[in-house]
Amino acid sequence: MLKIKDLTVNVGNKEILKGLNLEVNAGEIHAIMGPNGAGKSTLSHVLSGKSGYEVTGGSVTFNGKDLLEMPAEIRAREGVFLAFQYPVEIAGVTNVYLLKAALNAVRKHKGLSEVDAMDFLTLVKAKTKALEMDEKFLYRAVNEGFSGGEKKRNEILQMAMLEPQLCILDETDSGLDIDALRIVADGVNALRSPDRAFIMVTHYQRLLDYIKPDFVHVLADGKIVKSGGAELALELEEKGYGWLEQA
Amino acid sequence: MSISWLNDIRQQAKNQFEKTGFPASNLEDWRYTNVSAIAKKEFSVAKFVEDVDFDAVESGSAFHFVFVDGYFREELSNLPEKITICSINDALKNHADLLQSKFNQAIKQTHGFIDFNTANFTDGLFVHIAKNVVLEKPLQIIHIATQEAILPTRHVVILDANAKASLIEMFVSPEKHAYLTNSVAEVFVGENANLTLYKVQQEGENAYHFGGTYVQQADNARFTHHNFALGSLLARSDIVSDLETAAECELNGLYLGSQNQHLDNLTRINHLQPHGISREFYKGILNDQAHGVFQGRILVAENAQNTDSQMNNCNLLLSNEAEIDTKPQLEIYADDVKCAHGVTVGQLDEKSIFYLQSRGIDEVSAKHILTFAFANEMVDKITIPSLRDAVFNLLLTRFPEGAER
């Protein structure tokens, strides 16, 4: 599904990613861990099409198509979804309008008709309930005045509505208490499917107690320096990242 | 109209206008707005035309009064009972004493547009709402411009004590010709009375517009104004209110300029006595080469202790060539007051645009959504549902992807 080859990325004049390789197939869950400043957020942003990052080398393909050539909205419509570390607050735009506009943009791209208003409401209410969110959130401005946990749940709600193929979770566990973490993790687990893949970018192993990865990669100094199974995360938790950087 | 008291006032204004003409841009209040193009047009005052080609205006939820080129058309209008409401020309015959006692009294300072109006107004609406009368339906004045001319109208609105009403002023043109609307309203809000006034300016794209509203608020009177400046090539709006003890004044505004539109908004809130409250919030959105002006002044007289006043002006510039001149002023002579003002000028937030794009929404739509949301805050303040929907839809024609119809 996703193939990243020798990816190098600059921010300003500084090289942040220094030849990153990663292959993600449908049905897999990958965790990318690493110390602060290793390039984890840069990787999520580059995959989602945020501006301000200069790709200086390498390639990224998504289902065989050149992902880096696509504007951000086309990536989203093709099925790449980024759950933000810091979701933006948008005054005056209701959640329900954003969800509907986004869903219709994705459907149109796939050659489907606009969603029927009643069907949409039924769907969005069901998804909202599954994430233990109050329906009132739908009619509030996007993320405005939401707590950290509510913002992250809202990201998962958008993900559940858009049904992307590749979900990138950028530090989704940051700022969550245990209850919120469980709800978010349940939401993600409910979306697991043989057709869908996940990349979880995280500093801590905590999230991985709730969403069990198939692969764990350690990102340090712009490269993946070690890959393994779920047990690698536990080893990192115990030993920290220092031993990898020395090696 | 050959009534001597009025003739005197009109003659004075005529003399004054002949001396000064329309305001020159060396006057402080006009420094951002050059109106010399209007004088060059050499418009004359519009004539009454017998046959107009309109159907009676539909407005199920309002009483409405139609002015075509500055002349009242009863046959196109829908009039309420129980209150005194008629054209100024009728009021000169039937309510002369009341009209004379109020006429020109709310205007403390004139300029060329006001003088011209006083000297030349063709007609206008006279509204008198008696003590304790609460109007359930809004009154709506509809100005329709069809002639290439100056269309001067003069309205006088009087609410006696404890009366309550809302009034909508619409300015429209079915044509694209040049003309000058010159509309002056004098408003007297009596003790503990409550008036909400909406102005929706959708003049034609080559039109010039001057609209001035001059308000006297008695003790405990409440006046709310919502000002939507959407149309015209060049528009200037004056809102001036004098507040007596514990009066409350709320001014909301939205100016939405594109192409080479010039939209100037001047407001003056004068707290003359203690315990007054004022809230002012104007928002501007300027695209292309449009030029916006906000000149807001709040005056707190020496007497006006315990005044509580806030003024905000937020501007969104959508193009590098768009321009805003914003000048909020507090002029405070009392020592025990709570006054604040704030101004912002900015562009759409890149992070918000990217957030929407990351959800599959294209850049143009994302910008429409964010711009619409910025403007809609002012539309949401409209408390008459049919008017709110109408202004909402007007906004949507400017930013079609901005919201769900």
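A:Asp6 is found in strand S1 of chain A, where strands (E, at least two residues) and helices (H or I, at least four) are DSSP runs numbered from the N terminus. Its phi is near 45°, a positive value in a residue other than glycine, and at 48% relative accessibility A:Asp6 counts as partly exposed, given that buried means under 20% relative accessible area, exposed over 50% and partly exposed in between, with a 1.4 Å probe and protein chains only. This is a predicted model, in which local features need pLDDT of at least 70 and side-chain atom pairs count only at pLDDT 80 or more, while totals for chains, interfaces and linings use all residues; side-chain values use heavy atoms, with hydrogens and water left out. Residues are numbered from 1 along each chain as its sequence is written, and chains are lettered from A and ligands numbered from 1 in the order in which they are written.

**The sheet in chain A**

- In chain A, 4 strands form an open sheet in the order S2-S1-S4-S5, with antiparallel pairing, where two strands pair if DSSP finds at least two bridges between them.
- Strand S2 (14–24) and strand S5 (65–66) of chain A each have a single partner strand and stand at the edges, so one side of each is left without a neighbour in the sheet.
- Strand S1 (residues 2–11) of chain A pairs with S2(A) in the antiparallel sense over 8 bridges, and A:Leu2 stands opposite A:Val24 in S2(A).
- Helix H1 (residues 40–48) of chain A packs on the sheet and touches S1, S2 and strand S4 (54–62) of chain A, its direction making about 110° with that of S1(A); contact means heavy atoms within 4.5 Å, and axes are lines fitted to C-alpha atoms, for helices over the stretch in contact, with angles running from 0 to 180 degrees between N-to-C directions.

**A helix pair in chain B**

- The axes of helix H6 (residues 350–357) and helix H7 (residues 363–379) of chain B come within 9 Å and cross at roughly 125°.
- That angle makes H6(B) oblique to H7(B), because angles under 35 degrees count as roughly parallel, over 145 as roughly antiparallel, 65 to 115 as roughly perpendicular and the rest as oblique.
- From H6(B), the residues B:Ser352, B:Ile353, B:Leu356 and B:Gln357 meet B:Glu363, B:Ala366, B:Lys367, B:Ile369 and B:Leu370 in H7(B).

**Buried residues**

- A:Lys100 is found in helix H3 (residues 95–109) of chain A and, at 13% relative accessibility, counts as buried.
- Leaving aside residues up to four places away in sequence, A:Lys100 touches A:Val115, A:Ala117 and A:Phe120, together with B:Glu404.
- B:Ala304 lies in the loop between strand S16 (291–300) and strand S17 (308–317) of chain B, and its 0% relative accessibility places B:Ala304 among residues counted as buried.
- B:Ala304 and B:His271 are 33 residues apart in sequence and 6.1 Å apart in space, C-alpha to C-alpha.
- Not counting residues up to four places away in sequence, the contacts of B:Ala304 are B:His271, B:Leu272, B:Gln273, B:Pro274, B:Ala334 and B:Val337.

**Another positive phi, in chain B**

- B:His275 has a positive phi of about 65° although it is not a glycine, and B:His275 is found in the loop between strand S14 (262–271) and strand S15 (277–286) of chain B.
- With a relative accessible area of 45%, B:His275 is partly exposed.
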